Amino acid sequence: MTTKEILQYVKNHESGKVKIAYVDIDGILRGKYISAKKFMGIAENETSFCDVIFGWDSGDVSYTNCNYTGWHTGYPDAPARIDLSTFRKIPWENGLPFFLGEIIDNKGAPAYVCPRQLLKKVLADALQQGLKPYAAQEFEWFNFAETPQTAAEKGFQQLTPLTPGMFGYSILRSSLNNRFFTALFDQLRDFDIPIEGIHTETGPGTYEAAIEYSDILTAADRAVLFKTAVKEIAYQHGIMATFMAKIHESLPGCGGHVHQSLRDKTGKKNVFYNGKDKQQISTTLRHYIAGQLYCLPQILPMFAPTINSYKRLVEGAWAPTTITWGIDNRTVALRVLQQSEAACRLETRVIGADANPYLAIAGAIASGLYGIRHKLELQDAVTGNGYTDESHGVLPRTLEQATAAMKASAVARELFGEKFTEHFVTTREWEWKQHLKTVTDWELKRYFEII
């Protein structure tokens with residue numbers, strides 16, 4: 001739709017309102033409803049939004065170690081703008097107009113704290129190298145026959161899964177909950193999040209969906225909106241969806257794998273593919289993989305940002321633990337699929353469902369481009385069990401270790417800039433320190449009586 005058509009739709013919508021949202025550092029949509037009249041005044045001009053969304057954590061607790069904003073600044077409004085190209089109609093809200101925005105600074109330049117702006121920087125870097133990056137994210141998540149109220153009343157324990165047992169790729173289970181399955185597929189499509197496929201994953205009430213391939217900014221917009229849209233559609237069916245990386249120690253974790261490829265400046269040729277090569281992959285892809293492997297332990301919080309993320313990255317749980325790659329191998333960190341030029345791509349399997357899509361895609365693309373720029377040599381591919389190959393190192397085991405590595409990394413600052421890296425690392429240090437205060441169920445069960 002043209003700008004004129006979009007604004008006309010807003011004017012004509014019977015609700016007289018618009019929903020807008022910005023993405024915070026954790027990948028959470030923070031927004032509000034505004035009147036159509038208010039929207040018309042800001043649609044093609046600057047607006048503002050409270051900068052507290054980059055001054056607190058996912059639980060709305062204010063950082064005390066953050067420079068961007070805080071009690072020391074008084075939490076003012078930050079300059080912002082609406083991106084009219086993100087226009088969507090929300091199917092489950094009677095076609096309500098929806099837009100994403102992004103944060104800028106006082107001079108109108110991209111704000112270093114804004115995840116969407118970071119991804120646009122990485123996109124510009126790729127284009128400068130004569131490359132057009134494309135990506136798609138796929139998600140695994142758990143569904144429970146609960147509401148936010150019942151889950152809170154149960155202390156998030158002993159929740160009722162949507163279906164019992166381990167039943168991946170089940171036709172039966174998708175038939176049992178066909179109204180929900182159909183609503184997800186159809187309403188996500190109508191919300192401009194086209195789904196390539198959706199199926200049950202192994203785990204009680206677990207689903208997986210793959211979003212269609214696109215340019216990386218569209219891919220990240222779709223991914224971040226996918227997570228919230230799934231939760232909102234689930235609400236309509238009396239269901240709670242969660243994208244935690246690991247819901248229980250006895251169950252598999254939830255991945256948010258990013259598939260990516262690079263095309264030449266015409267956008268037509270996939271530069272990852274080489275049909276004459278024994279492995280059917282190009283020198284460019286080899287450098288790209290080498291870059292991701294080299295950067296991976298230095299930027300891991302971009303892919304695994306929470307305490308819970310590292311409960312997923314354990315041996316034998318369908319998530320990687322070693323710095324490895326392989327051809328169509330699901331036990332390694334980076335999986336190459338190269339059957340044809342059209343489908344040749346890299347799947348970064350480290351990324352969890354809890355990651356901020358903008359940061360995850362930015363991290364994947366930027367580190368791959370680093371390998372191309374520096375012409376890094378690629379180690380041998382793993383055949384067989386990637387968990388047993390520690391010859392090139394293992395991933396940091398905790399958020400504390402991963403954050404310390406990123407804080408010390410000159411590469412991270414080269415890829416993402418000094419100010420973003422400092423801010424992001426600070427938020428991850430905060431996340432680690434917050435969890436240290438908490439007495440867990442594990443501690444009570446282990447120590448309550450016996451110690």
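The report below describes selected features of this structure, which is a predicted model.

## Salt bridges

The count for the structure comes to 22 salt bridges. In one of them the side chains of arginine 116 and glutamate 102 meet, with an N to O distance of 2.8 Å. This pair links distant parts of the chain, since arginine 116 belongs to helix 3 (residues 115-128) and glutamate 102 to strand 5 (residues 96-103), 14 residues apart. Arginine 116 and glutamate 102 are both buried. Another salt bridge joins the side chains of arginine 349 and glutamate 347 at 3.3 Å, N to O, and here too arginine 349 and glutamate 347 are buried.

A further salt bridge is formed by glutamate 414 with arginine 373, whose closest N and O atoms are 3.5 Å apart. Because glutamate 414 lies in helix 12 (residues 410-416) and arginine 373 in helix 10 (residues 357-373), the pair ties together parts that are 41 residues apart in sequence. Glutamate 414 is partly exposed, its relative accessible area being 42%, and arginine 373 is likewise partly exposed, at 37% relative accessibility. Elsewhere, salt bridges with shared partners join Arg81, Asp83, Glu102, Arg116, Lys120 and Asp221 into one network.

## Cysteines

How many disulfides does a search of the whole structure find? The search finds zero. For cysteine 66, the closest cysteine sulfur is that of cysteine 50, and the 13 Å between the two sulfurs is too far for a bond. Cysteine 66 counts as buried because its relative accessibility is 6%, and cysteine 254 counts as buried at 0% relative accessibility.

## Helix 6

Helix 6 (residues 178-190) has 13 residues, which at 1.5 Å a residue should span 18 Å, and this agrees with the 18 Å that separates its end C-alpha atoms. The buried residues of helix 6 are Phe180, Phe181, Ala183, Leu184 and Leu188. These residues cover an arc of only 165° around the axis, and therefore lie on the same side of helix 6. As background, an α-helix has 3.6 residues a turn, so residues three or four places apart point the same way.

## A nonpolar surface patch

Trp442, Tyr447, Ile450 and Ile451 make a nonpolar surface patch of about 520 Å². Of these residues, isoleucine 451 is placed in the segment after helix 14 (441-447), and its relative accessibility of 76% is why isoleucine 451 counts as exposed.

Terms used: Residues numbered from 1 in each chain as written. Predicted model: local features only at pLDDT ≥ 70, side-chain atom pairs only at ≥ 80, totals over all residues. Heavy atoms only, no water. Patch = residues over 30% accessible without salt bridge, like charges linked within 9 Å, V, L, I, M, F, W, Y side chains within 5 Å. Areas by Shrake-Rupley, 256 points an atom, 1.4 Å probe, with all protein chains shown as cover. Salt bridge = Lys/Arg side-chain N within 4 Å of Asp/Glu carboxyl O. Helix = DSSP H or I, 4+ residues; strand = E, 2+ residues; numbered from the N terminus. Buried < 20%, exposed > 50% of the residue type's maximum accessible area, 1.4 Å probe, protein only. Disulfide = S-S within 2.5 Å. Expected span 1.5 Å × (residues − 1). Arc of directions from axis to C-beta.
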